[in-house]
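Open the model in your viewer and keep the selection tool at hand. This tour goes from stop to stop, saying what to pick and what is there.

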Amino acid sequence: MSHASYLVGDETTGRAVVVDPRRDVDIYLEEARAEGLTVERVIETHIHADFVGGHLELAARTGAVISYGAGADVGFPFEPMQDGQRLSLGEVTLVVLATPGHTPESISIVVYEHLTDEVPFAVLTGDTLFVGDVGRPDLLASGRADLSADVLARRLYHSLHDKLLALPDETRIFPAHGAGSSCGKQLSSETSSTLGEQRRTNYALQPMDEDTFVSVVLEDQPARPHYFEFDAQRNRELHPLLDNSPPRLLGTGEVLALAERGAVLLDSREIADFAAGHLRGAVNIGLQGRFAEWAGDVLSPERDIVLVGDPGSAIETKVRLARVGLDRVVGQLDGPTAVLAKRPELHETSSRLTLEQLAELQSRGPDIQLIDVRNPSETARGTIAGAREIPLATLAGSLPTLDRTAPVVLYCAGGSRSHVASSVLREAGFTDVSDLLGGYAAWEAAGLPVAASPA
């Protein structure tokens, strides 16, 4: 998820807060116990859209107060934090800055290590300022003119210049996301920086007027994952707490009956294992990749999920699905390896094409549907000639636009996302589906024909 959360505590008093927690909250409680701290408050820097936060779980486990920025629209009790509000943990003091832009209620938390410090130790910037980027202001699908991408981008400009950049250059910044997150377009893999360094190197903080900032920040953003709206709504609600109990073991007949009634079969093994043999109709999203994000991209929260991969990873799979609100895991296929051995009619392999095989298919005629599932920032550098661009995040909603009678070949940068996508199409009933081994990187390196993106 490229997600960062923070435990901030005062060693002299034992009082602590957790900022932007994930749903499986044991990690914070274990660390707090190890450090002799008591978590008394959970602070969400904004209503998250890319994951379901752990505020309800932490409040239930500890009795902690939940806090958001003033104006947060949520359906459970919380204590709003006002701009300029000071929260003392003892020697450690937190100061709230209202920093709207990514969302209207966004806040940043300035951390002073000692009461007498003039320079903050750090500022927790949420999704307002990242290392190398700023939070995108185009994710809020409210339909309200006063919360349009343009309006929020202008509020973000002032939050950055009037609030965060007013802090000393030596102030460390700790954001809520890093490289890979869809909450920005060029986040760094570095987990922290300083305001001075970002002032010098962050493209969005270079000298420019407000109108230029709006244009620069809004252009070339990655596709908005369809699950973001669901997760944002989930975070506003008083929803059920995380269930991390082992999934119920299911027999083959039960699994097939659930699939017949609309459940999705999910195999979280790695690509090579899945491609060599899997239960017919299963979707493959490997745990070693960006599992939760890609699951949110291609799975519907309205469908039951049956796990059909390695039973040894069932609990991990269930918990990581829950991080993006996919809570409807109804069971795990018992003994999938034995099932495939005994029921060969349920066994299926993946079709993965080499560069030479795809080039040969292209030479035969135009009937192949070639789909590039990379993001716009990637395809801007080139695509395979004849490809149609459908980012993985929007693929599920684009299936009706594809011809089920024509062969489909999908590719991404290296072959991971395209394999997820190919399994999604097969599960949806497409019969002639392949993906490209090595992806665009291998195609380009081989000197095969590329084209400029039409976008």
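Start by selecting Tyr-68 and Pro-80: Tyr-68 stands opposite Pro-80 in S5. This is a predicted model, in which local features need pLDDT of at least 70 and side-chain atom pairs count only at pLDDT 80 or more, while totals for chains, interfaces and linings use all residues. Residues are numbered from 1 along each chain as its sequence is written, and side-chain values use heavy atoms, with hydrogens and water left out.

**The sheet**

Strands here are DSSP E runs of at least two residues, helices are H or I runs of at least four, and both are numbered from the N terminus. Two strands pair if DSSP finds at least two bridges between them.

Now show the whole sheet. Five strands make an open sheet, ordered S1-S2-S3-S4-S5, with mixed pairing. Strand S1 (6–9) and strand S5 (79–81) are the edges, each pairing on one side only. From one strand to the next, the twist averages 30°. Axes for such angles are lines fitted to C-alpha atoms, for helices over the stretch in contact, and angles run from 0 to 180 degrees between N-to-C directions.

**Aromatic rings**

Rings of Phe, Tyr and Trp (its six-membered ring) pair if their centres lie within 6.5 Å; planes under 30 degrees apart count as stacked, over 60 as edge-to-face and the rest as tilted. The count by this rule is six aromatic pairs.

Select Tyr-227 and Phe-228. Their pair is edge-to-face, at 5.0 Å centre to centre with 85° between the planes. Tyr-227 is buried at 5% relative accessible area, and Phe-228 is buried at 1%. Buried means under 20% relative accessible area, exposed over 50%, and partly exposed in between (1.4 Å probe, protein chains only).

Next, pick Tyr-411 and Tyr-440. This pair is stacked: 6.4 Å centre to centre, 25° between the planes. Tyr-411 lies in strand S25 (residues 408–411) and Tyr-440 in helix H16 (residues 439–445), so the pair ties together parts 29 residues apart in sequence. Both Tyr-411 and Tyr-440 are buried.

**Cysteines**

Finish with Cys-183 and Cys-412. Are they buried or exposed? Cys-183 is buried at 1% relative accessible area, and Cys-412 is buried at 2%. The whole structure holds zero disulfides (cysteine sulfur pairs within 2.5 Å).
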